[in-house]
Amino acid sequence: MKNTQKWPISLLFVCNRPKLNKFICSASLLAVMLGIFLLPKTAQMASITPDKILELTNRERFNAGLNSLRTDDRLTTAAVKKAEAILTNQIFDHTINGRKFSAWIKDAGYKYSLAGENLAIDFITSEDTVKAWMASINHRENILSKEYSDTGIAIAEGKFAGQNTIIVAQIFGAPLLKTPPIPSDIARLNEKISPRQNVSKNYLSFYKNLFGHFSFITAGQIALF
């Protein structure tokens, strides 16, 4: 089949002028050819977006009978900062220079009871990124965890190990629920049951201490993940 592709008008004008240096014409033709072959890759690289990653994530969750995740601005901020840190420090890991991924979440002001992070590098489509995560046990567990309700996603382009690449960071979170205040009548009842301050059977104090201990253990496990 005859090739009907037309060269850009500006290039035809340059190459049809005999007095111009042949080197300029050749260089221009080379530039156009490179552009033709590189444009499809550039278009694919641009196809990785936070919205698409979220859509694909929630599709997997829907198929598993789980709730959809909603975007949280604080987790998005944490994901952006983490992706930037990977490029800045040239370290692709959940922990960078001794700083666990949970540190970026805390810096963004998100108080969590549970949190997770998925990272990806060198992918050019959202579909391939999520597909690779789903093929990994730990990443799949994050995507399909029934505990999570929030997420933040960031895409960062830059050089890693001297090569142009794309970093994808997705952070998952379950917010820390605030303990409801104790009604005054229950507080008075507690005083009647155990009026002395140093009594081991002070029920409200016992449950308060137990809850505080549980929160500490949960945060420690998450930080070590």
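The model is predicted, so local features need pLDDT of at least 70, side-chain atom pairs count only at pLDDT 80 or more, and totals for chains, interfaces and linings use all residues. Residues are numbered from 1 along each chain as its sequence is written, and side-chain values use heavy atoms, with hydrogens and water left out. The protein chain has 9 helices and 4 strands; helices (H or I, at least four residues) and strands (E, at least two) are DSSP runs, numbered from the N terminus.

**Overall fold**

- Starting at the N terminus, the order of elements in the protein chain is α-α-α-β-α-α-β-α-α-β-β-α-α.
- The protein chain holds 225 residues, of which 31% count as buried; buried means under 20% relative accessible area, exposed over 50%, and partly exposed in between (1.4 Å probe, protein chains only).
- Of the contacts in the protein chain between residues at least 6 apart in sequence, 69% link residues at least 24 apart, where contact means heavy atoms within 4.5 Å.

**Nonpolar cores**

- A nonpolar core is a set of buried Ala, Val, Leu, Ile, Met, Phe, Trp, Tyr and Cys residues joined through side-chain atoms within 4.5 Å.
- The largest nonpolar core has 22 residues, and Ile 86, Ile 105, Ile 167 and Ile 171 touch the most other members.
- Two or more residues of this core come from each of α4 (73–89), α5 (101–107), β2 (112–121), β3 (150–160) and β4.
- Helix α4 gives the most to this core, with 7 residues.
- Apart from this core lies another, of 16 residues, including Ile 48, Ile 53, Ile 166 and Val 168.
- Not counting residues up to four places away in sequence, Ile 167 touches Ala 83, Ile 86, Leu 87, Phe 92, Ala 120, Ile 121, Ala 154, Ile 155 and Ala 156.

**Packing of helices α3 and α6**

- Two packed helices are described by the angle between their axes and the distance between the axes.
- Helix α3 (residues 50–63) packs against helix α6 (residues 126–134) at an angle of about 40°, and their axes are 9 Å apart; axes are lines fitted to C-alpha atoms, for helices over the stretch in contact, and angles run from 0 to 180 degrees between N-to-C directions.
- That angle makes α3 oblique to α6, because angles under 35 degrees count as roughly parallel, over 145 as roughly antiparallel, 65 to 115 as roughly perpendicular and the rest as oblique.
- The two helices, α3 and α6, have a right-handed crossing; a crossing is left-handed if the near helix is turned anticlockwise from the far one by less than a right angle, and right-handed if clockwise.
- From α3, Lys 52, Ile 53, Leu 56 and Glu 60 meet Ser 126, Glu 127, Thr 129, Val 130, Trp 133 and Met 134 of α6.

**Gln 170 in strand β4**

- Gln 170 belongs to strand β4 (residues 163–175) and is buried, its relative accessible area being 0%.
- The side chains of Gln 170 and Thr 151 make a polar contact (3.3 Å); a polar contact is a pair of N or O atoms within 3.5 Å, and within protein one must be able to donate a hydrogen and the other to accept it, while residues adjacent in sequence count only if both atoms are side-chain atoms.
- Beyond its neighbours within four places in sequence, Gln 170 has contacts that include Ile 53, Thr 57, Trp 133 and Thr 151.

- Asp 72 sits in the loop between β1 (70–71) and α4, and is buried with a relative accessible area of 11%.
- A polar atom of the Asp 72 side chain lies 2.8 Å from the backbone nitrogen of Arg 74.
- Apart from neighbours within four places in sequence, Asp 72 is in contact with Tyr 110, Asp 150, Thr 151 and Gly 152.

- Val 80, in helix α4, is partly exposed at 32% relative accessibility.
- The C-alpha atoms of Val 80 and Ala 154 are separated by 5.0 Å, although these residues are 74 residues apart along the chain.
- The loop between α4 and α5 contains Gln 90, whose phi is near 55°, a positive value in a residue other than glycine; Gln 90 is partly exposed at 36% relative accessibility.
- Asn 97 is also in the loop between α4 and α5, has a positive phi of about 50° without being a glycine, and is exposed at 59% relative accessible area.
- Ser 102, in helix α5, is buried with a relative accessible area of 4%.
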